[in-house]
Amino acid sequence: MSLHEKSIAELAAGLRAKAFSSVELTRHYLRRIAAHDATLNSFITVTEEQALEQAAAADARIQAGDAGPLSGIPLAQKDIFCTNGVRTSCGSKMLDRFIAPYDATVIERFKAAGAVMLGKTNMDEFAMGSSNETSFYGPVRNPWNTELVPGGSSGGSAAAAAARLCAAATGTDTGGSIRQPAALCNLTGLKPTYGRISRYGMIAFASSLDQAGPITRSAEDAATLLQVMAGFDPRDSTSAEEPVPDYLAALGDDLKGLKIGLPKEYFGEGLDPAVAKAIEAAIEEYKRLGAEVVEISLPNNGLAVPAYYVVAPAECSSNLARFDGVRFGHRCADPKDLEDLYKRSRGEGFGDEVKRRILVGAYALSAGYYDAYYLKAQQVRHLIADDFNRAFEKVDVIMGPASPTTAFKLGEKTDDPVQMYLSDIYTIAVNLAGLPGMSIPVEPVDGRPVGLQIIGNYFDEARLLNVAHRFQQATEWHRQGPAGY
Amino acid sequence: MPLDKADVEKIAHLARLAVSEEALEGVAGDLSNILDLVEQMGAADTSGVEPMAHPLHMAQRLRPDAVTETDLRDRFQSIAPQTEDGLYLVPRVVE
């Protein structure tokens, strides 16, 4: 088996047994990036020199018997995480020359675990997009078919992980940005409960929704990454002070008697019938594994996308006010006064989608409109969360599609923002409620990957990983990779 | 609610965002479509529903009022567009 086909547990075992070194493994992945990424465009920055230094340090740790499960494992980090001394662009011209002066907590934790960072992955600008086409650095291509989008906003991470250009990657998910690209690229993507992973140093888009998580080839790999990423951080005021369980320990639990809720709203209008069939086949597999299926209703799900496009833009307009051309980031040439400096720096630094969302947010928050938009959206958000709370009185997990369609063609939806927003009809409600959600690969449709979404109760990540792992023990869909890589 | 070019100019000013004259009409159309989507919320009866500001209904945590960060001014200013004597420079505001 080639090194890039091995799971993280297999790589860790190989490193400990000295079958290969982290330097060799890292070089192997760097060669793969050099060979394939001109086509895929999944990395914005490849940090070759630093990666090899980290690999050598990991080899020394392993030699000294001080290795953890991620020591020496080459990972790709979404370019939304601040990395000390390394460009952190967030996919934007605004931050094209921004060298982060500190590490995000997530990055710090990976460093402490001895993981190797291969580079920073491409993404929709400021994580605003569902196809990775809003990046200042150009679109990412889906390794399963390079005419197709990889999904977004963590599209670079998904494409890199799918093409085996890294052992695993990180993403962030504000409305589906981990689960949807994972679905479109045949990967396992986990968005944990809001507050589970520190947001410190993760460039903010919508602070009440943003959450980081792993994008991997299996639930087992996801458990290993989450173990390192999760935990309380005093530097993030919304970080949850909840104990972190042993995510690997519960992976093998039996699913007998597991109650799966199927919301009828997830199988209605807008869902591609072929995707529906693939999801139903996966549910049948769960029945064979001993699970019981219960039909449930999330009556307010149809309001999730409308409410999200108030809450997210409102928070974005506030968060992105910091990009003013004064302290860091792009500054326009020859400003004639302070207002001109602000307006032109922002006008030149931001792309069209980011501008649209800032404007929608500024409008929704402006005098006279606040009650009709922002307050109303926060109330609708409560209705959506209550729907889930009622459902979890009856079921252990909720399942449905992660995305209404398989990957679409590059350019297909770029002229119609509202059509693009509807790519996330099944993922957005989970962020509004703050719940954990996953996407795992099921049977593809016409060679295009399909993702099954699994939604859990608050802080029930261990169960989600267990439910995903047992399916992956019984099936082979997650082992499939794109041809040519 | 449909927005026109004048509305976009006003919002863009509030957001301190330059939008070129040629782009105004397209932006007005896009924003109008987005607001049409958003206004589907109107169908929900939310009378008496508490607005949800935090997904876990957590209160803001407080920390002791003590200095915990070290002074990194030089480091932070090294990535600024223009500084002088430890200050950020902007065009003259007061004549």
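User: How do Arg344(A) and Asp340(A) meet?
Analyst: Their side chains form a salt bridge, 2.9 Å from N to O. That term means a side-chain nitrogen of Lys or Arg within 4 Å of a carboxyl oxygen of Asp or Glu. The model is predicted: local features need pLDDT of at least 70, side-chain atom pairs count only at pLDDT 80 or more, and totals for chains, interfaces and linings use all residues. Side-chain values use heavy atoms, without hydrogens and water; residues are numbered from 1 along each chain as its sequence is written, with chains lettered from A and ligands numbered from 1 in the order in which they are written.

User: Where do Arg344(A) and Asp340(A) lie?
Analyst: Both are in helix H10 (residues 338-349) of chain A, four residues apart, about one turn of the helix. Helices here are DSSP runs (H or I, at least four residues), as are strands (E, at least two), numbered from the N terminus.

User: Is Asp340(A) buried or exposed?
Analyst: Buried, at 14% relative accessibility. Arg344(A) is partly exposed, at 26%. Buried means under 20% relative accessible area, exposed over 50%, partly exposed in between (1.4 Å probe, protein chains only).

User: What does Arg356(A) pair with?
Analyst: Asp30(B), in a salt bridge with the closest N and O atoms 3.1 Å apart. Arg356(A) lies in helix H11 of chain A and Asp30(B) in helix H2 of chain B, so the pair joins two chains. Shared partners link Glu353(A), Arg356(A), Arg357(A) and Asp30(B) into one salt-bridge network.

User: How many salt bridges over all chains?
Analyst: The structure holds 23.
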